[in-house]
Amino acid sequence: MTRENEVILEVENLKAYYQMNYFGVSREVRAVDDITVTMRKNEVYGIAGESSSGKTSFIKVLAAAIRPPLRVVQGTVKYNFSNGPIDVAHATPEQIETVRWKHLSYIMQGSMSVLNPVRRIGKTFQDFAQRPLGLKGEAFEERVVNHLARLKLPPDVLRAYPHELSGGMRQRVTIGLATVCHPEFIIADEPTTALDVVVQKEVLQLIRDIQTEMGASVVFVTHDMSVHANVADRVGIIYAGRLVEEGPTRDMFFAPKHPYTAHLVASLPRIGDTQQRPALEGRPPNLADPPQGCRFHPRCPLAVDKCRKEVPPMEVVGPDHRTACWRWKDVEPLVNTTAPAGVMA
Amino acid sequence: MFSIFRDLVRYNVEFAIGLVLVGIMVVFAGLSFFSPIDPSLIYMTIPDQPPSAQFWFGTNSRGQDMFWQLSAAFKNSLQFGITVAVLSRIISITVGLAAGYIGGWVDRVLMFVNDIFVAVPIFPILVLFYFVLRNHMDSFTMALILACFGWPFDARLIRSVALGLKHREFTRHAVFAGMSTRKVLLEEHLPYVMPIVFATFMNNMLWSIGMEVTLAVLGFTNINNPTIGTVLYWANSHSAMVVGVWWWLVIPVILIVITFLGLFLLAMSMNEYIDPRSRLRRMGA
Amino acid sequence: MQSYLWFAGKRVLQLVAVIFFGVSAMFLVTYLSPIDPVEQVLGRLSARSNLSPEAIASTRIALTEMFGTGQPMHQQYWNFWTRLLRGDLGASLMAFPTPAMELVMRGLPWTLGLLLTSTFITFIVGNLMGGLAGYFQNNRLFKAFGIVTMGLQPIPYYIVAFVILIIFGFLWPVLPISGGFAMDVRPGWTLPFMLSVLQHSLLPALSLVLVGLGGWFIGMRALVSNIVTEDYVTYAELAGVRRDTIVGGYVMRNALVPQITALAMVIGGVFSGTIITEQVFNYPGIGSLLVDAVNAGDYSTVLAVCTVSITAVATAIFIVDLLHPLLDPRVRAE
């Protein structure tokens with residue numbers, strides 16, 4: 001596919017912490033700790049990481065959904081939209097309002113609960129899209145119906161309540177809601193978890209199709225590496241609030257340069273597996289009290305003294321490929337015999 | 001349980017205030033055990049004396065020292081409230097746990113009965129009881145009647161908790177380990193239900209004392225037994241406000257407000273403690 | 001539609017069960033009472049000399065049929081029900097020989113009017129303020145409103161009504177504190193009469209509203225502060241949906257569903273409050289009638305008030321229950 005190298009999103013030195021005070025004890029959780037990343041127009045960028053790695057908080061900042069106790073402590077999140085640049089980490093609510101849905105939209109996790117249970121789908125479409133689209137009455141209706149047809153949804157769904165639709169239909173409705181205004185940047189937060197495998201594949205294809213058709217950029221978040229293999233152009237791995245490696249999907253799978261990535265890739269099931277995959281020992285670090293040095297060192301098979309003391313910087317290790325590891329040269333792909341199921345060539 | 005109380009006193013203003021208010025009233029009511037005079041006797045002192053160093057709360061037109069009169073009245077009313085609360089707790093825990101745990105047709109039948117009790121207006125029934133029993137209606141009979149009507153809301157609440165507990169892992173473990181149903185209910189589930197029972201206990205006291213006040217003010221109880229309600233009844237029947245014996249009414253009303261606010265604050269802050277989502281809200285704010 | 005009928009059918013069954021149970025309980029109370037009502041009432045009646053012997057005779061028949069001690073219990077229970085279904089509970093003692101049912105029917109519109117309007121106002125205002133307080137959690141105005149109403153909420157109806165009576169009766173007498181309308185206006189569908197009724201209903205309604213607000217406020221605030229964290233609200237906020245649409249159509253609209261269920265559950269309690277409030281303000285409803293009847297030893301009227309109140313409250317709950325599926329599409333589908 002063609003790729004324009006124009007940048008749509010620049011995140012620089014972003015730090016976002018949870019600051020809480022409960023029963024006299026104050027706590028600070030460093031959910032996003034110094035992340036720098038850029039995303040290009042017309043690409044699908046995958047973000048991976050285990051639960052409580054800070055990827056959800058990162059996404060909240062990207063989506064301009066920063067609400068106490070989460071606070072941006074440092075850094076910028078700058079979008080280059082067609083109506084001008086905007087730093088959503090520091091913009092006023094009114095400024096953010098001008099880009100919401102028309103330029104920046106969001107597919108939320110959990111299709112079961114993102115639709116108002118007592119509102120008909122058509123009414124929800126009006127609430128979400130009427131203002132950004134600037135259409136009314138029949139013109140609006142026509143636009144929505146056409147868009148739904150593209151998602152293979154009959155116009156009847158507009159008169160239905162969420163509980164009357166199947167899980168897959170509901171997910172397609174939420175994708176429809178997020179894309180009906182043809183946004184430039186779509187954040188998709190685990191859109192396929194809790195769907196069964198067949199529907200999952202369909203939904204992934206749909207997101208991919210819509211993205212190519214509309215020429216939007218998509219940030220795709222999931223802990224499931226096989227999903228990334230299917231949809232992402234580039235993948236970034238988040239561990240304990242930090243970006244630890246980033247690169248083109250193929251490189252990430254065949255030549256990972258961070259032991260954590262190597263482990264994630266190796267734990268994918270492959271056709272012809274006879275043995276159980278080795279599990280990573282230990283637990284993800286507590287973000288209220290992260291370990292010194294490289295945060296992965298307590299679980300890292302390659303850890304040396306330096307890793308325990310000094311934080312590794314991001315190093316460029318190949319075209320488009322960066323990693324934060326002192327020993328990236330020694331990282332071997334744990335399994336490199338066959339390609340993981342479904343990696344796109 | 002004790003540590004919950006300690007935390008609540010330390011960090012929850014409402015709970016602390018409620019505890020102080022209720023504490024004051026309990027001490028005040030407890031003084032009646034040392035009362036120098038029998039509160040049911042009349043014309044023991046000079047009538048209609050305003051509050052003074054000698055008569056702190058004044059005296060009423062029936063020649064009673066209001067301090068000791070009210071102390072006895074609050075003791076009786078609190079006792080009454082506790083009796084009703086204990087009795088109706090027994091019913092609501094039994095019904096709630098049984099309905100939630102056994103389920104099936106037992107649940108359906110119990111909840112059907114429950115809904116009927118919710119829908120019957122209790123006040124006319126109470127008046128009817130007084131009407132046919134007249135002087136046979138002592139405060140224990142009334143406590144029994146109120147207890148029979150005071151359980152359905154809380155039974156429903158406990159049932160929903162029990163339903164949740166039933167599907168939790170530890171219940172299945174207990175059942176696999178061969179624990180009897182009775183034992184699972186008493187030893188595994190009751191501790192979870194207890195905080196709710198305490199919170200509803202306070203609410204139930206509020207309700208039953210309120211009912212007693214209402215009935216007594218109308219003269220529909222044993223009016224010679226000093227309670228919060230009968231004090232007001234006698235004040236009204238002597239037209240205390242009109243003849244200027246204002247302390248006969250104002251002081252009891254203030255004390256009633258203190259009692260009810262105190263109990264209410266205790267119940268509400270306990271409720272908030274039980275519902276973790278409202279705790280999260282505190283945290284966010 | 002069919003599922004709605006099924007739902008309504010179940011509710012009708014419940015309505016019948018409540019009335020049946022309530023009336024049976026009433027019967028049982030009178031049946032087990034140690035006092036013989038027939039002799040008691042007739043004794044009182046014959047003490048008055050100016051009554052016609054026929055009226056006394058028909059009262060004796062009515063009373064013996066309903067409470068007669070000589071009959072087996074099931075026979076008496078049967079008589080009790082047939083009398084009730086005919087709406088004939090005998091003549092009242094207080095206003096002999098006016099039928100007791102007629103007295104009740106005269107008082108019922110006043111009570112229903114007071115109960116329904118105050119409940120309606122309380123429900124709307126309490127939920128609106130509670131909802132806003134739950135959504136705008138740092139707004140001082142809503143917080144202050146909450147503290148005041150929550151402080152009033154636990155106080156018994158009688159005390160609040162009484163304090164209002166003292167304030168408006170002794171300290172600041174601007175509103176009528178007694179009766180249903182002024183003595184010098186003639187009842188009828190005329191403007192002066194209606195205004196007088198409205199004016200007289202203000203204080204009783206105010207005391208009912210003041211006590212009721214806190215419960216709705218607390219409930220709604222708690223519901224809203226939970227619903228605010230629901231995904232569909234977060235999502236709508238992320239999409240930049242208008243603020244008033246979110247508060248009204250997403251947050252409050254969803255909180256309304258459990259609040260309607262709660263409304264059905266509190267009607268019985270509010271009814272008790274109405275009775276005592278009527279008594280305080282000398283309002284001509286069935287609450288005052290009940291108290292007068294008890295004091296006069298009027299068996300028929302007491303029973304008539306009890307029967308009608310049980311039926312009225314059960315019916316009110318039934319109607320509110322029928323609203324529930326209209327508000328919640330998920331119930332309709334079941």
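Biologist: How many helices and strands are there in chain C?

Modeller: Keeping in mind that this is a predicted model, chain C has 13 helices and 0 strands, and its pattern along the sequence accordingly reads α-α-α-α-α-α-α-α-α-α-α-α-α.

Biologist: What box do the C-alpha atoms of chain C fill, and what percentage of its residues count as buried?

Modeller: Taken along the principal axes, the C-alpha atoms of chain C fill a box of roughly 80 × 55 × 40 Å, and 44% of the 334 residues of the chain count as buried. Among the contacts in chain C between residues at least 6 apart in sequence, 72% join residues at least 24 apart.

Biologist: Which UniProt domain annotation covers part of chain C?

Modeller: An unreviewed UniProt entry annotates residues 108–320 of chain C as "domain: ABC transmembrane type-1"; over that stretch the chain is 81% helix and 0% strand, with the end C-alpha atoms 19 Å apart. For chain B, UniProt places a feature "domain: ABC transmembrane type-1", again from an unreviewed entry, at residues 74–267, where the chain is 84% helix and 0% strand and the end C-alpha atoms are 19 Å apart.

Biologist: How many residues of chain C are in contact with chain B?

Modeller: On the chain C side there are 45 residues, in contact with 36 residues of chain B. The elements of chain C that give two or more residues to this side are α1 (2–32), α7 (157–171), α8 (191–227), α10 (243–281), α11 (286–296) and α12 (299–327), and the largest share, 9 residues, comes from α1(C).

Biologist: And how do the residues on that side divide into nonpolar, polar and charged?

Modeller: The side of chain C that touches chain B has 32 nonpolar residues, 13 polar and no charged.

Biologist: Switching to chain A, in what order do the strands of its open sheet run?

Modeller: The 8 strands of that open sheet in chain A are ordered β6-β7-β8-β3-β9-β10-β12-β11, with mixed pairing. In chain A, β6 (104–107) and β11 (315–318) stand at the edges with a single partner strand each, so one side of each is left without a neighbour in the sheet. Neighbouring strands are turned by 20° against each other on average, direction ignored.

Biologist: Which helix packs on the sheet?

Modeller: Helix α9 (residues 259–266) of chain A does, touching β3 (44–48), β9 (234–239) and β10 of chain A, and its direction makes about 110° with that of β9(A).

Biologist: How many bridges join β10 to β12 in chain A?

Modeller: There are 2 bridges between β10 (residues 242–248) and β12 (residues 321–323) of chain A, which run antiparallel, and A:Glu246 has A:Arg322 in β12(A) as its bridge partner.

Technical notes. Residues are numbered from 1 along each chain as its sequence is written. Chains are lettered from A and ligands numbered from 1 in the order in which they are written. This is a predicted model: local features need pLDDT of at least 70, side-chain atom pairs count only at pLDDT 80 or more; totals for chains, interfaces and linings use all residues. Two residues are in contact if their C-beta atoms, placed from the backbone, lie within 7 Å. Helices (H or I, at least four residues) and strands (E, at least two) are DSSP runs, numbered from the N terminus. Ala, Val, Leu, Ile, Met, Phe, Trp, Tyr, Cys and Pro count as nonpolar, Asp, Glu, Lys and Arg as charged, and the others, Gly among them, as polar. UniProt positions are given in the numbering used here, feature names are shortened, and annotations may be inferred rather than shown by experiment. A residue is buried if 20 or more other C-beta atoms lie within 10 Å of its own, exposed if 12 or fewer, and partly exposed in between; C-beta atoms are placed from the backbone. Two strands pair if DSSP finds at least two bridges between them. Axes are lines fitted to C-alpha atoms, for helices over the stretch in contact, and angles run from 0 to 180 degrees between N-to-C directions.
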